[in-house]
Amino acid sequence: MLSKEELKRYSRHLLLSEVGIEGQQKLKKASVLVVGLGGLGSPLAMYLAASGVGTLGLVDFDEVEASNLQRQIIHGTSDIGKLKLESATATLKNINPDINIVQYSGAITSENALDIIKSYDIVADGTDNFQTRYLVNDACVLLGKPNVYASIYKFEGQASIFGAKGGPCYRCLYPKPPEHGTVPSCGEAGVLGVLPGLMGTIQATEVVKLILKKGQPLIGRLLLYNALQMHFSEIKLKRNNNCSVCGDKPTITKLIDYDAFCGVMKEVESMKKLHGNNEIMPKNLFNLINKKDLFLLDVREPYEYEIAKIEGSVLIPQEQVSNKLDVLPKDKTIVVMCHHGSRSKKIVEYLIDNGFNKVYNLKGGIDKYSMEVDRSLDRY
């Protein structure tokens with residue numbers, strides 16, 4: 001039953017014949033797992049809380065940074081440095097103190113995903129990397145749970161529902177992940193701040209529709225959005241009978257190593273010294289930082305360089321490197337850096353192709369250097 005306070009809180013829902021008291025009770029009894037409390041997870045979790053979804057599971061491992069606040073509206077300036085899980089919980093409890101919040105501090109992995117997801121009616125994926133998307137998809141298919149999905153890139157977004165009965169899964173749309181490093185993250189490519197707000201709200205809408213069993217959910221439909229054009233379009237999706245997870249004869253019947261599947265090197269494998277695979281770890285760079293035969297090349301944009309820089313580094317934005325090869329010393333070891341290591345990796349490959357032999361990429365970029373070596377450097 002709904003209390004008098006709940007009747008007042010949800011009165012605008014109760015006026016809708018598609019919701020009413022029965023529908024609001026369904027929302028109250030429902031449980032939804034939100035994976036990721038960033039740009040998508042922020043509006044998603046906030047609207048689910050406001051709608052009266054009875055139990056929200058929250059999965060996240062990260063801390064709030066100043067650069068998050070342009071789009072991750074569940075967090076505020078006073079939350080910088082706090083766990084996103086703590087910040088989000090406080091915000092959600094302020095929105096609706098009556099809901100039950102279950103916290104899962106840490107990353108969702110092949111080891112814990114099934115145990116976490118099995119307790120929930122619906123999963124909403126607000127993550128930003130391919131490893132976790134495939135992991136969540138596979139776990140939902142194996143457990144028979146619908147996966148409400150969205151993703152964003154610069155000014156574009158997409159949304160769908162995967163793993164629903166009779167519908168396609170994420171692997172039906174993307175059987176294989178893109179080559180690791182070819183799709184830049186928000187930290188590398190940028191993102192319009194309001195874009196995840198819209199896509200996360202679409203996710204919340206689809207979750208509520210699934211709970212109420214009303215309307216036409218995005219099962220078998222991929223919704224595409226272009227913010228610059230303010231244009232929506234739609235692609236029809238079908239379940240792939242030969243899908244490796246949800247097909248008639250699945251070849252993946254348990255969770256796998258998703259780092260390996262997506263081509264991501266494990267941390268233990270990436271802890272290599274200077275002469276390895278043209279990468280150097282932050283702590284190794286620190287030990288070499290004062291050597292005379294070292295040249296530090298920063299290929300970020302000038303505004304990024306103003307926020308944080310390693311003393312002695314030379315700024316040449318990546319678009320200008322090809323025109324300034326003559327200023328780069330071929331007789332020194334060159335370490336190239338950017339924010340997270342993607343842009344610099346491409347420059348390293350370019351320099352090697354142009355006759356530079358001793359060139360190395362700073363693994364994880366200046367962001368990782370700040371976390372592991374010099375915490376006085378501002379993160380963004």
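**Entry 1: α4 against α5**

I began with the crossing of α4 and α5, which is right-handed. For handedness I used this rule: a crossing is left-handed if the near helix is turned anticlockwise from the far one by less than a right angle, and right-handed if clockwise. The model is predicted, so I took local features only at pLDDT of at least 70 and side-chain atom pairs only at pLDDT 80 or more, while totals for chains, interfaces and linings use all residues. Residues are numbered from 1 along each chain as its sequence is written, and side-chain values use heavy atoms, with hydrogens and water left out.

Helices here are DSSP runs of H or I with at least four residues, strands are runs of E with at least two, and both are numbered from the N terminus. I looked up the packing of α4 and helix α5 (residues 84-95): the angle is about 30 degrees and the axes are 9 Å apart. That makes α4 roughly parallel to α5. Axes are lines fitted to C-alpha atoms, for helices over the stretch in contact, and angles run from 0 to 180 degrees between N-to-C directions. Angles under 35 degrees count as roughly parallel, over 145 as roughly antiparallel, 65 to 115 as roughly perpendicular, and the rest as oblique.

Next I listed the contact, meaning heavy atoms within 4.5 Å. From α4 come A45, M46, A49 and A50; from α5 come T91, L92 and I95. The residues of this contact of α4 with α5 are six nonpolar, one polar and no charged. My classes: Ala, Val, Leu, Ile, Met, Phe, Trp, Tyr, Cys and Pro are nonpolar, Asp, Glu, Lys and Arg are charged, and the others, Gly among them, are polar.

**Entry 2: α4 against α10**

I then turned to α10. Helix α4 (residues 41-51) packs on helix α10 (residues 195-212) at about 40 degrees, with axes 7 Å apart. That makes α4 oblique to α10. The crossing is right-handed. On the α4 side I found P43, L44, Y47, L48 and S51; on the α10 side, P196, G197, G200, T201, Q203, A204, V207 and V208. The contact of α4 with α10 divides into eight nonpolar, five polar and no charged residues.

How much of α4 is buried? Nine of its eleven residues are, so α4 is largely enclosed by the rest of the structure. Buried means under 20% relative accessible area, exposed over 50%, and partly exposed in between (1.4 Å probe, protein chains only). The buried residues of α4 include G41, S42, P43 and L44. Just after α4, G52 has a positive phi of about 95 degrees.

**Entry 3: α3 against α10**

Helix α3 (residues 20-29) also packs on α10, at about 110 degrees with axes 9 Å apart. The two are therefore roughly perpendicular. I noted a right-handed crossing of α3 and α10. G23, K26 and L27 of α3 meet V208, I211 and L212 of α10. By class, this contact of α3 with α10 has four nonpolar, one polar and one charged residues.

**Entry 4: positive phi**

Most residues other than glycine have a negative phi. I checked two exceptions. K213, in the loop between α10 and β7 (221-226), has phi near 60 degrees. K213 counts as exposed at 72% relative accessibility. K154 has a positive phi of about 55 degrees and lies in the loop between β5 (147-153) and β6 (156-162). K154 is partly exposed, at 34%.

D138 lies in helix α7 (residues 130-143). Is D138 buried or exposed? It is buried, with a relative accessible area of 0%. Its side chain makes a polar contact of 2.8 Å with the side chain of R171. Here a polar contact is a pair of N or O atoms within 3.5 Å; within protein, one must be able to donate a hydrogen and the other to accept it, and residues adjacent in sequence count only if both atoms are side-chain atoms. The side chains of D138 and N137 are joined by another polar contact, of 3.0 Å. Beyond four places in sequence, D138 is in contact with R171, V245, I252, L255 and Y258.

N361 is buried at 3%. Which side chain joins that of N361 in a polar contact of 2.4 Å? I found S344. The backbone nitrogen of K345 lies 3.5 Å from a polar atom of the N361 side chain.
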